[in-house]
Amino acid sequence: MKRLRFQYHMSLSFDMPVQEHHFTLKCLPQSDDRQAVESLTYDVYPNYFISRSKDSFGNDSIYGYCKEEHQRFLIDVRGMIQVESAPAVSMADGSRADIYKYQTEHTRPGAALREYHAALLQASGEGTLRRAEYLMHRLHRDMAYEQGVTTVATTAEEAMRLRKGVCQDYAHVLLSLCRMEKIPCRYVVGMMLGEGLSHAWVEVCDAGAWAALDPTNDCIIDDGYIKISCGRDYKDCLLNQGIFTGSSGRATQKQEISVFVEEIV
């Protein structure tokens, strides 16, 4: 078990004043069978109106609204959390696993994924978790980590054609492969030791529990990972989502994110 101190910071800058800004933030870790939140504080600016509740996937979410004009939007989340090395967590509601069997817009396979999956059908891998691990190992071997070749809009099929991508792409491809075999699996966003940004991995439902696999690093997750949110794909786990109006035209935004995680001995 590790005791981890973490900080998540996001800033948005707009090229002109904006107003009527409605936003949803999913950047709050919460306790489960694997991690226990000791302390958690957050600051949002501007904070004209803020509320907090859970979304339909059980993610702790901040909902807010700012009517006044502003050109900067900031959130800082800080806290302490104890994380167990065991990668699996029990399911609070087993029936919900079924919603994670189905492909989404970002995981739906095309010719490249179907061809890749067909080559793996005869390979070994007894049991759900063993099979998912095998798919992870092969994906890690056959795909190269490279920044700048994909975007947040890149689908699993497009990433497979490239055989390149970042953690989001690895997670989407593994989700697609598992769902082709009717294995319930979900997309996870979190933080980890040694990373300066948020990270994405996959949870697979096996024997009434969610087991977590990191295809980017080809491993079962350990106590160096902090889970923030989960869903069917990255769109269910957007750390920041919102709408606003520009005061004198169409405003554009620039986003900067930094993550810091350290072990407290």
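These legends describe close-up views of a predicted model.

The model is predicted, and local features need pLDDT of at least 70, side-chain atom pairs count only at pLDDT 80 or more, and totals for chains, interfaces and linings use all residues. Residues are numbered from 1 along each chain as its sequence is written, and side-chain values use heavy atoms, with hydrogens and water left out.

**View 1. Helix H2 covers residues 128-142.**
Helices (H or I, at least four residues) and strands (E, at least two) are DSSP runs, numbered from the N terminus. The expected span of a helix is 1.5 Å times one less than its number of residues. For the 15 residues of H2 this gives 21 Å, and the end C-alpha atoms are 21 Å apart, so the two values agree. Buried residues of H2 include Ala132, Tyr134, Leu135, Met136 and Leu139. Buried means under 20% relative accessible area, exposed over 50%, and partly exposed in between (1.4 Å probe, protein chains only).

**View 2. Strand S4 pairs with S1 and with S3.**
Two strands pair if DSSP finds at least two bridges between them. Strand S1 (residues 2-25) runs antiparallel to S4 and is joined to S4 by five bridges. In one of these pairings, His22 has Tyr65 of S4 as its bridge partner. Strand S3 (residues 49-54) is also antiparallel to S4, with six bridges, and Ile50 stands opposite Gly64 in S4. S3 and S4 form a hairpin with five residues between them, and Gly58 in the turn has a positive phi of about 85 degrees. Six of the seven residues of S4 (residues 60-66) are buried, so this strand is largely enclosed by the rest of the structure.

Side chains of opposite charge can pair when their charged atoms come close. A salt bridge here is a side-chain nitrogen of Lys or Arg within 4 Å of a carboxyl oxygen of Asp or Glu, and the count comes to 16. Glu181 is partly exposed at 23% relative accessibility, whereas Arg131 is buried at 7%.

**View 3. Phe23 and Phe73 form a tilted aromatic pair.**
Rings of Phe, Tyr and Trp (its six-membered ring) pair if their centres lie within 6.5 Å; planes under 30 degrees apart count as stacked, over 60 as edge-to-face and the rest as tilted. The structure holds six such pairs. The ring centres of Phe23 and Phe73 are 4.6 Å apart and the planes are at 55 degrees. Phe23 lies in S1 and Phe73 in strand S5 (residues 70-83), so the pair ties together parts that are 50 residues apart in sequence. Both count as buried, Phe23 at 3% relative accessibility and Phe73 at 0%.

**View 4. Arg186 lies over the rings of Tyr100 and Trp210.**
A charge sits over a ring if NZ of Lys or CZ of Arg is within 6 Å of the ring centre and within 35 degrees of the ring normal. The charged end of Arg186 is 5.8 Å from the ring centre of Tyr100 and 4.0 Å from that of Trp210. Tyr100 and Trp210 form one aromatic cluster with Phe57.
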